[in-house]
Amino acid sequence: MTDQNAALPTAEVAEQREKTILKLKLNTDPRWVDIASKNIGDILVDHAYCEQKAASTGISLIVSYPEKTRLVDELTELVAEEWSHFERVLQELRKRGLPLGRPRRDEYVVELLKHVRRGGARERQLMDQLLVSALIEARSCERFKLLWKHIPDQELSKFYYELMVSEAGHFVAYVDLAKEYCDPQEVDARLQELLKIEGDIVTSLPVRDDRMH
């Protein structure tokens with residue numbers, strides 16, 4: 001599991017790495033960070049549940065594919081890191097005297113999951129599950145970058161910088177796992193398809209001040 005206190009890359013290196021790694025077809029509407037920073041309590045609540053769901057997704061994949069040793073080992077570490085992120089977001093809420101609140105329906109994730117192909121070869125379904133998870137991590141990374149660079153709260157800015165670096169690593173981990181169990185060229189082609197779909201989903205959703213995605 002990544003040590004949150006380990007040395008992080010410089011801001012310039014991290015930003016260049018994020019640009020190189022992530023292949024999102026559409027940037028977030030610039031209005032989002034402005035309205036989100038003015039409603040940070042709701043953003044933190046939604047973020048907490050995003051981390052909880054990310055941990056749950058990793059656990060679900062481990063349970064569904066226990067015979068895949070590398071997947072089990074790497075996702076075990078990823079789940080632990082996602083849960084530590086949940087705990088850290090919870091701490092930020094507590095600092096501000098805010099309750100966790102109730103989970104919200106994540107329309108972005110719901111729409112992405114519709115494109116996980118059902119039936120057919122088991123490995124094909126696994127590939128789609130891993131790539132959709134990778135895209136969720138990529139979009140989270142992009143949003144964390146915006147919060148890091150633009151929110152006035154310097155403590156939260158540093159927090160989101162750390163998480164931006166982590167989420168970029170999660171994107172890479174999911175794509176690498178897909179290539180471990182499926183043909184890499186097929187994975188690359190499917191990733192491009194899903195990137196286009198992801199961009200269309202982002203375009204179709206309203207800009208909200210109470211959602212991380």
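View 1. Cys50 is buried, with a relative accessible area of 13%, where buried means under 20% relative accessible area, exposed means over 50% and partly exposed lies in between (1.4 Å probe, protein chains only). Cys141 also counts as buried, at 0% relative accessibility. The count of disulfides, each defined as a pair of cysteine sulfur atoms within 2.5 Å, comes to zero. This is a predicted model, in which local features need pLDDT of at least 70 and side-chain atom pairs count only at pLDDT 80 or more, while totals for chains, interfaces and linings use all residues. Residues are numbered from 1 along each chain as its sequence is written, and side-chain values use heavy atoms, with hydrogens and water left out.

**View 2. The protein as a whole.** The secondary structure comes to eight helices and zero strands, where helices (H or I, at least four residues) and strands (E, at least two) are DSSP runs numbered from the N terminus. Of the 213 residues in the protein, 48% are buried. The protein exposes about 10,400 Å², of which carbon and sulfur atoms supply 53%; such areas come from the Shrake-Rupley method with a 1.4 Å probe, and for residues only the protein chains shown count as cover. Among contacts (heavy atoms within 4.5 Å) with a separation of 6 or more, 82% are accounted for by residues 24 or more positions apart.

**View 3. Helix α7 and the start of its run.** Helix α7, made of residues 154–181, has 28 residues and reaches 42 Å from its first C-alpha to its last, close to the 40 Å expected, a span calculated as 1.5 Å times one less than the number of residues. Asp153 caps the N-terminal end of α7, with a side-chain oxygen 3.0 Å from the backbone nitrogen of Glu155.

View 4. Which residues does Tyr160 contact, leaving aside its neighbours within four places in sequence? Tyr160 is in contact with Ile43, Leu44, His47, Phe144, Leu147, Trp148, Ile151 and Met212, and Tyr160 is buried, with a relative accessible area of 0%. The C-alpha atoms of Tyr160 and Trp148 are separated by 5.1 Å, although the two residues are 12 residues apart along the chain. Glu162, also placed in helix α7, counts as buried at 12% relative accessibility. The side chain of Glu162 makes a polar contact with the side chain of Arg88 (2.7 Å); a polar contact is a pair of N or O atoms within 3.5 Å, of which, within protein, one must be able to donate a hydrogen and the other to accept it, and residues adjacent in sequence count only if both atoms are side-chain atoms. Val172 of helix α7 counts as partly exposed, at 29% relative accessibility.

**View 5. The nonpolar cores.** A nonpolar core is a set of buried Ala, Val, Leu, Ile, Met, Phe, Trp, Tyr and Cys residues joined through side-chain atoms within 4.5 Å. In the largest core, which has 33 residues, Leu71, Leu75, Leu130 and Leu131 touch the most other members. The elements giving two or more residues to this core are α3 (40–64), α4 (69–95), α5 (107–113), α6 (122–150), α7 and α8 (184–204), and α6 gives the most, with nine residues. Apart from this core lies another, of 28 residues, among them Ile40, Cys141, Met164 and Val165.
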